Number of protein chains: 2
Amino acid sequence: MTKHAVTYELIKECPRSGARLGRLHTPHGTFETPMFMPVGTQATVKTLAPEELYDMGSQVILSNTYHLFLRPGHELVRKAGGLHKFMNYKRGMLTDSGGFQVFSLGAMRKITEEGVMFRSHIDGSKQFLSPEVSTQVQEALGADIAMAFDECIPYPADFDYAKRSTERTTRWAKRCLETHTREDQSMFGIVQGGMYPELRRMSVQQLTELDFAGYGIGGLSVGEPKSMMYDILSHTTELMPKDKARYLMGVGTADCIVEAVNLGVDMFDCVFPTRVARNGTAMTHTGRLVVRNATYAEDFRPIEEGCDCYACRNFSRAYIRHLFKAEEIFGLRLLSIHNLHFLLHFAKEIREAIANDCFPEFRERFLENYR
Amino acid sequence: MTKHAVTYELIKECPRSGARLGRLHTPHGTFETPMFMPVGTQATVKTLAPEELYDMGSQVILSNTYHLFLRPGHELVRKAGGLHKFMNYKRGMLTDSGGFQVFSLGAMRKITEEGVMFRSHIDGSKQFLSPEVSTQVQEALGADIAMAFDECIPYPADFDYAKRSTERTTRWAKRCLETHTREDQSMFGIVQGGMYPELRRMSVQQLTELDFAGYGIGGLSVGEPKSMMYDILSHTTELMPKDKARYLMGVGTADCIVEAVNLGVDMFDCVFPTRVARNGTAMTHTGRLVVRNATYAEDFRPIEEGCDCYACRNFSRAYIRHLFKAEEIFGLRLLSIHNLHFLLHFAKEIREAIANDCFPEFRERFLENYR
């Protein structure tokens, strides 16, 4: 086994749940888990500056291989000195493999054992991603954590398809590791297996035999009922090694995060907070608040009482609503700040609850008030 | 004469030009002139936070009566505690009268002695602005400086029309002053007169007989040749009182600012820097730089070498170009920051040149390099 650039340190396990407190050591600093990672798809967390992310306690952020491969191109990012320098973010970074995005292209892509041929959503040009290409692109981008190139199984999928796909994800994972050379970057494998516990077991077994620094859990939150997601997640995490980080990919609402932490997950990412922000929706401890609504026209309170984010400390619902009605960009910024701060702060509340031996009570109280 | 809430203090006159160094004392602080005022049309300087404006040395900002009257409505802003509190800007503020905007509506408005009937650009509803309404709206908004409701004469305009219009602007100015009651707000009159020196003289004479705290110079930069603008400006400023601020409305390119300072102007505003920023154009000491252009794709230098704005300290042309190509809002922010910083810093360079007795040399050197 090689010495990994990124390592997970387990600090504490909650004795009454699966929740765990840990630290992720990376070349760009040590970060605390459970953690939410803001998404910077195109080398920018939409509307925000790096300093705004630092201010709200952002640790690791995620960027997308698929998007950067197509624009501006990974060679340009390499010339810029890597993604950290290009976008001037000084803390941890993770790049996904591009797998999820190309599979989402539907009719515009074709999967073979070799890799995936697809058409660019930007100009329709023919493109190719494979375990080797994805790994090389991610090395050029130079994030602390690269993800193995996997196939995301849609929901629903029959058992045979899910099995063949999961086995291919394992073969692809091996090819990723064989290609990977950067010593200041670690690679995470991605557990697949669809909604079949035995395939999840097979995927965990096959991938943990390989030398990954941590593990993503893919193929969840793809349209299945929440109860099914939690069920599969529970089957998956209990098989996973305790000494490596577990990253539930693409999950980013507060209720799902607290439930997944309860089942032993350490890392999360999602575009949800910034996407709904751009639609005028704020995330709060009691659910969503649609600040565009007329009911807030003369409401001079902050988005959420008690929130200490920049938006809530300085601006009213009435002002933010005005900015949305007037189509002013500053409104998008303020809600993006609030929503990301909300999830980053929520992860911090979870960490404190685990540290203080009251995570089960925290979870229960939160879910009681959340709509 | 009443004691004005806003006063101009003349610090120094350049002995070899019309340039003057001064201070504007307002209820929200004392600010240095010559000064450029960023425009926050809809109670937000497009894309930017107040702290970003403070960081770049912003002093007085401008907001638009026409826009805020229609949306969110001045009564809502009054309930919020005024515009300063609503948008959380703690330094100086000026509101225009709405005159320029309603006249710009063309066929959608009708001017009478009483005021202007117009249709809202938002919902087509019938609206009315007059000297009295504009003054009352501006009192509700509560900026430090309110502007008198005037008629902006288009270019070209025949002498008779320009004369009748200029006389009406004087009558309207009187009605504004008669309506105005707020003691923590001062009103500036607006000199009109079109491109006719004798009408400019008449306007200055009539308005300076009234009790205004300062004077706008309106109806310039409306399509006339630059040489004509400077000529009329020169005729106008030489007639204006030395103990009050002179504000050339709607002018905001570096070459026009340095020329107008040379002719004795103290204050400027323009949407130009933020508008061209949103098109991917940066302002520099040597002219415009279209950062969207392919030539900057792999240019890892800052927008302008030597510039100490946030964008130039932290990001490359290549990155900003990528943000524009990818339609990312952070690109609009970075160029808006750069362009406003450029003009605010340019005004500071002008003030230092006047203080150091080298304004004529500064002006000459600047114009030599500017394209």
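This is a predicted model: local features need pLDDT of at least 70, side-chain atom pairs count only at pLDDT 80 or more; totals for chains, interfaces and linings use all residues.
A:Asp96 sits in the loop between strand S6 (93-95) and helix H5 (99-104) of chain A. Beyond its neighbours up to four places away in sequence, A:Asp96 touches A:Ser63, A:Asn64, A:Thr65, A:Tyr66, A:Gln101, A:Gln138 and A:Met147.

I begin there on account of an annotation. An unreviewed UniProt entry places the feature "active site" at A:Asp96 and A:Asp269. These two positions are spread over 174 residues of sequence, yet they cluster in space, with a largest C-alpha distance of 10.5 Å. Both A:Asp96 and A:Asp269 belong to the lining of the second largest pocket.

A:Asp269 lies in strand S14 (residues 267-269) of chain A. Its relative accessible area is 9%, and A:Asp269 is therefore buried. If neighbours within four places in sequence are left aside, the contacts of A:Asp269 include A:Phe36, A:Met37, A:Val39 and A:Leu62. The contacts of A:Asp269 also take in A:Tyr247, A:Leu248, A:Met249, A:Gly250, A:Val251 and A:Gly252. With A:Gly250 there is a polar contact: the backbone nitrogen of A:Gly250 lies 2.8 Å from a polar atom of the side chain of A:Asp269.

The next topic is a second annotated set. Under "binding site", again from an unreviewed entry, UniProt lists A:Cys307, A:Cys309, A:Cys312 and A:His338. Although these residues are spread over 32 residues of sequence, their largest C-alpha distance is 8.5 Å, and they cluster in space.

Where in the fold do A:Cys312 and A:His338 lie? A:Cys312 is in helix H12 (residues 310-314) of chain A, and A:His338 is in helix H14 (residues 329-355) of chain A. A:Cys312 counts as buried because its relative accessibility is 9%. A:His338 counts as buried at 0% relative accessibility. Neighbours within four places aside, A:Cys312 is in contact with A:Pro302, A:Ile303, A:Glu304, A:Cys307 and A:His338.

I now move to chain B and to helix H7 (residues 159-179). Its 21 residues, at 1.5 Å a residue, should span 30 Å, and the end C-alpha atoms are 30 Å apart, which agrees. B:Asp158 caps the N-terminal end of H7(B), with a side-chain oxygen 3.2 Å from the backbone nitrogen of B:Asp160.

Which elements do the buried residues of H7(B) pack against? In chain B, they pack against helices H5 (99-104), H6 (131-141) and H8 (197-208), and against strands S7 (109-111), S8 (116-119) and S11 (186-191). The buried residues of H7(B) include B:Ala162, B:Ser165, B:Arg168, B:Trp172, B:Arg175 and B:Thr179.

Finally, the relation between the chains. Chain B superposes on chain A by a rotation of 180 degrees, with 0.0 Å of shift along its axis and an RMSD of 0.0 Å. The two copies are therefore related as by a two-fold rotation axis. In chain B, the C-alpha nearest the axis belongs to B:Ile329, at 3.9 Å from it. As for the interface, 100% of the interface residues of chain B are also interface residues in chain A, so the copies meet through the same surface.

Definitions and conventions: Residues are numbered from 1 along each chain as its sequence is written. Chains are lettered from A and ligands numbered from 1 in the order in which they are written. Side-chain values use heavy atoms; hydrogens and water are left out. UniProt positions are given in the numbering used here, feature names are shortened, and annotations may be inferred rather than shown by experiment. Helices (H or I, at least four residues) and strands (E, at least two) are DSSP runs, numbered from the N terminus. Buried means under 20% relative accessible area, exposed over 50%, partly exposed in between (1.4 Å probe, protein chains only). Contact means heavy atoms within 4.5 Å. The expected span of a helix is 1.5 Å times one less than its number of residues. A polar contact is a pair of N or O atoms within 3.5 Å; within protein, one must be able to donate a hydrogen and the other to accept it, and residues adjacent in sequence count only if both atoms are side-chain atoms. Copies are superposed by least squares on the C-alpha atoms of residues with pLDDT of at least 70 in both. On a 1 Å grid over the protein atoms alone, a cavity is a set of points where a 1.4 Å probe fits but cannot get out, and a pocket is an open set with protein on both sides within 12 Å along at least five of seven lines; lining residues have an atom within 4 Å of a point.
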